[in-house]
Amino acid sequence: MKRKQLESYLQDVSQFSNPKIELEQYPTDPHLAASVLYTISSSFEDIEDKHVLDLGAGCGILSIGCAMLGAGLVTAVELDDEAISDLTNNITDYDIDNIEVVRCDVTRLPCLLKPCFDTVVMNPPFGTKNNEGIDMEFLEVGLQMVEQQKGTVYSFHKTSTRDYIVKRFTEKGFNVKVISEMRFLIPKMYKIHRKDTAFVDVDFIRICR
């Protein structure tokens, strides 16, 4: 599947019916999602026939994109019940049968599931709503969940945290690569938003042994 075709399909993924600012629930733009997933698939061959874990799956745009690109199985982890309802509705609408949904706090996931995944994808909360450090917790869990530490984690993070992330995980023995610098679209969703749209500079990062 070509990137533009994937982006076209992902345009129809329904977004949060009741977004919650305290959970930093923002939709992932279809163009951004298609671009990074296509790169993961075509440049690194980390989706097709792989067991993929999507942490903080939200409405499921990354999970659905992975399924469309030939993932063997996608496990979508989400805590918020309303987001899970949105996610399962999207899975039904796309008639996808290889996405399983797990309701769980991501930080508790290692207590629930064994590390059996080939690839982890995530667009984690950035830790700006009284939850400082949650982005690092997501990364740590992702790295714990790959099979025998041989899998790969892909994640979005604010560009301003790049040096810290590279240093932290390089010192732990991981290979850290910034695949691309991107601009994450923030639509006007909450009362605190004054502009119709805003952008946050983010890095798309690949971490593996």
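The questions and answers below concern a predicted model.

Visitor: What is the volume of the largest pocket?
Guide: The largest pocket has a lining of 44 residues, and L23, E24, Q25, P124 and P125 lie nearest its centre. Strand 1 (51–55), helix 3 (61–68), helix 5 (134–145), strand 6 (175–187) and strand 7 (197–208) each supply at least two residues of that lining. The volume of this pocket is about 820 Å³.

Visitor: How many residues of the lining of the largest pocket are nonpolar?
Guide: The lining of the largest pocket comprises 44 residues. Ten of the lining residues are charged and eleven are polar. The number of nonpolar residues is 23.

Visitor: Is H193 buried or exposed?
Guide: H193 is found in the loop between strand 6 and strand 7. Beyond its neighbours within four places in sequence, H193 is in contact with Y26, I186, P187 and K188. Residues under 20% relative accessible area count as buried. The relative accessible area of H193 is 16%, so H193 is buried.

Visitor: How many disulfides does a search of the whole structure find?
Guide: A disulfide requires two cysteine sulfur atoms within 2.5 Å. For C59, the closest cysteine sulfur is that of C66, 16 Å away and therefore too far for a bond. C208 is in no disulfide either, as the nearest cysteine sulfur, again in C66, is 17 Å away. For the whole structure, the number of disulfides found is zero.

Visitor: Are C59 and C208 buried or exposed?
Guide: The limit for a buried residue is under 20% relative accessible area. C59 has a relative accessibility of 4%, so C59 counts as buried. C208 has a relative accessibility of 14%, and therefore C208 counts as buried.

Visitor: Which element gives the largest share of the largest nonpolar core?
Guide: The largest nonpolar core has 37 residues, of which L10, L37, C66 and I99 touch the most other members. Among the elements that give two or more residues to this core are helix 1 (3–10), helix 2 (30–44), strand 2 (73–78) and helix 4 (81–93). The largest share amounts to six residues, and the element that gives it is helix 2.

Visitor: Which residues does L10 contact beyond its neighbours within four places in sequence?
Guide: L10 is one of the residues that touch the most other members of the largest nonpolar core. With neighbours within four places in sequence left aside, the contacts of L10 are P30, A33, A34, I61, I64, G65, M68 and Y94.

Visitor: Why is helix 3 described as largely enclosed by the rest of the structure?
Guide: The buried residues of helix 3 are I61, L62, S63, I64, G65, C66 and A67. Just after helix 3, G70 takes a positive phi of about 95°. Helix 3 is largely enclosed because its buried residues number seven of the eight.

Visitor: What is the relative accessibility of H157?
Guide: H157 has its place in strand 5. Not counting residues up to four places away in sequence, H157 touches P124, F126, D135, M136, L139, I165, D201, V202, D203 and I205. The C-alpha atom of H157 is separated by 9.7 Å from that of M122, 35 residues apart along the chain. H157 counts as buried because its relative accessibility is 0%.

Definitions and conventions
Residues numbered from 1 in each chain as written. Predicted model: local features only at pLDDT ≥ 70, side-chain atom pairs only at ≥ 80, totals over all residues. Heavy atoms only, no water. 1 Å grid on protein atoms, 1.4 Å probe; cavity = no way out; pocket = protein on both sides within 12 Å on 5 of 7 lines; lining within 4 Å. Points joined across faces, edges and corners; volume = space filled by probe spheres on them. Helix = DSSP H or I, 4+ residues; strand = E, 2+ residues; numbered from the N terminus. Nonpolar A, V, L, I, M, F, W, Y, C, P; charged D, E, K, R; others polar. Buried < 20%, exposed > 50% of the residue type's maximum accessible area, 1.4 Å probe, protein only. Contact = heavy atoms within 4.5 Å. Core = buried A, V, L, I, M, F, W, Y, C linked by side-chain atoms within 4.5 Å.
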